[in-house]
Amino acid sequence: MNYNIAILGLIEIFSAITIGIFILALTYKIVQWVGKKYYQIKDYNLSYSIFTAAIIIAVGIMISGIVEPLISSFRLLNRQSDSFTLAFKYIGTGAIYIAIAYTATVFIGLISTFLYSKLTPIDEFEEIRQNNVGVALIISSILITLTLLTKNGVVLLIEAIIPYPQLPPI
Amino acid sequence: MKGIIRFLTFIIVVYLVLSGLITLQKKKPVVSEACEDGYEEINERNDRWHQRDWNAISFSSSFCATYQSEESVSLANAERRNKITYEAFGYEDLWGTVYRSLIEDSKSTIGFLVDSLSAISREKQLSRSDLAEMIVAFVQDIPYSYVLNIDCDDYETGDRPCIGNVALGLLSPYEFIHSLYGDCDTRAVLIYTLLEELGFDPMIVVSDEYAHAMLALNMPASGDHLTYRGNNYYFWETTAKGWPIGMLPPSTNNVNYWKIALVNEL
């Protein structure tokens, strides 16, 4: 077994689990809070649960794109610092990448909801509040599709801030 | 308040676990030697005495190597390179044939460099992967130059050094270490020769789309790779310092555009 690769694998797994737990818990809390406070949506509303699930999937898809750039950054920073400074820089870098991906997802969520509300004469959140599963499914599909379409662009945006070594103009 | 305490505890635990894992992953620094990069001409025949100083990529160490190169050997290599003939059916096949001819021709002339790098590795007790990294870093440390089959004046080279009117736009390994002029495939061919001589399993990959060549190495690693006959060959950018194994530059990171030009079939 290659010891260094095993440890790198553990760092990757640990990073992915930590980011996953943190982001998904945060997203769930925010969505629940927004639903209750602004739309008076109750816990047993199936439509809102579907919508929440779609948001969580969308966030998961987008955040999954930051793990590889994060590991690339780690490998590039690895030689320069001691363990504690490197851990600090790694968490800081991760926070910046998460912020970019999370902002992108929120932006996409708002666009998809706005898009659907412009395409139809109905009030979507009112329909979800009244447990209209059909509307929830369609908004969720738009949200997930837009996330899948934009994920590569967001990853590229994150790649642009990785401190890669300079290359000559080949 | 409870939420904030929980969040801070979470961050501290993550920080401590990460620090622990990173400490386990960090390689011990290797004793470094200090010397200066450069060469001097030692006689009127233009023979040179070189001194190279370079740093490892993933661990803290610097290396120092000295060697002597002869103009007459370099010219003889150039003459044989000019006579390389090839029959090929595709882009990667063509370059593979050319690279193989150069490598076979060069093995006898760069044996001294193989011995010198192995001696450094033994002295510093490097592992196999560290030895490969030391060799790639040695070549990465040599500044990039254009090697063109046309005149340098007919090409936009910027401030980069350029050597023009070279058949195939490629120098042999000996010419490279003598002149220190090397573009992407010149570098890949030198590293391939050194690594193959040391028992590694390297590969040269080329891309018509990116107009670039690169080394790939079958070694325990992680990151961007090509799979060939069940083995993973990890890409290694050689044209600039600091690129680790398995990391493709964002400008050339579509693996589908990379084709195998040369691999040891034995």
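At what angle do helix 5 (residues 128–140) of chain B and helix 7 (residues 184–197) of chain B pack, and how far apart are their axes? The angle is about 150 degrees, and the axes lie 10 Å apart. These values, like the others below, come from a predicted model.

## Helix 5 and helix 7 of chain B

Because angles over 145 degrees count as roughly antiparallel, helix 5 of chain B is roughly antiparallel to helix 7 of chain B. The crossing of helix 5 of chain B past helix 7 of chain B is right-handed.

Helix 5 of chain B contributes Ala132(B), Ile135(B), Val136(B) and Val139(B) to the contact. From helix 7 of chain B come Arg187(B), Leu190(B), Ile191(B), Leu194(B) and Leu195(B). By residue class, this contact of helix 5 with helix 7 of chain B holds 8 nonpolar residues, no polar ones and 1 charged.

## Chain B as a whole

Chain B has 266 residues, of which 39% count as buried. Its secondary structure consists of 7 helices and 10 strands. Taken along the principal axes, the C-alpha atoms of chain B fill a box of roughly 75 × 45 × 40 Å.

For contacts in chain B with a sequence separation of 6 or more, 56% are between residues 24 or more positions apart.

## Two positive phi angles in chain B

Where is Asn46(B) found? Asn46(B) sits in the loop between strand 1 (38–41) and strand 2 (48–55) of chain B. Its phi is near 75 degrees, a positive value in a residue other than glycine. Asn46(B) has 14 C-beta neighbours inside 10 Å and therefore counts as partly exposed.

Leu168(B) also has a positive phi, near 70 degrees, and is likewise a residue other than glycine. Leu168(B) belongs to the loop between strand 5 (162–163) and helix 6 (173–179) of chain B. Why does Leu168(B) count as partly exposed? Leu168(B) has 19 C-beta neighbours inside 10 Å, and a residue is buried if the count is 20 or more, exposed if it is 12 or fewer, and partly exposed in between.

## Chain A and its helix 3

Chain A contains 6 helices and 0 strands, and read along the sequence the pattern is α-α-α-α-α-α. The C-alpha trace of chain A spans about 55 × 40 × 30 Å along its principal axes. Of its 170 residues, 31% count as buried. Among contacts in chain A between residues at least 6 apart in sequence, residues at least 24 apart make up 83%.

Which residues of helix 3 (residues 67–77) of chain A are buried? They are Pro69(A), Leu70(A), Ile71(A), Ser72(A), Ser73(A), Phe74(A) and Leu76(A). The partners against which these buried residues of helix 3 pack are helix 1 (3–39), helix 4 (83–119) and helix 6 (133–159) of chain A.

## Contact between the chains

On the chain B side, 33 residues are in contact with 27 residues of chain A. Helix 1 (residues 2–25) of chain B gives the most to the side of chain B that touches chain A, supplying 10 residues. The residues on that side of chain B comprise 20 nonpolar, 10 polar and 3 charged.

Notes
Residues are numbered from 1 along each chain as its sequence is written. Chains are lettered from A and ligands numbered from 1 in the order in which they are written. This is a predicted model: local features need pLDDT of at least 70, side-chain atom pairs count only at pLDDT 80 or more; totals for chains, interfaces and linings use all residues. Two residues are in contact if their C-beta atoms, placed from the backbone, lie within 7 Å. Helices (H or I, at least four residues) and strands (E, at least two) are DSSP runs, numbered from the N terminus. Ala, Val, Leu, Ile, Met, Phe, Trp, Tyr, Cys and Pro count as nonpolar, Asp, Glu, Lys and Arg as charged, and the others, Gly among them, as polar. Axes are lines fitted to C-alpha atoms, for helices over the stretch in contact, and angles run from 0 to 180 degrees between N-to-C directions. Angles under 35 degrees count as roughly parallel, over 145 as roughly antiparallel, 65 to 115 as roughly perpendicular and the rest as oblique. A crossing is left-handed if the near helix is turned anticlockwise from the far one by less than a right angle, and right-handed if clockwise.
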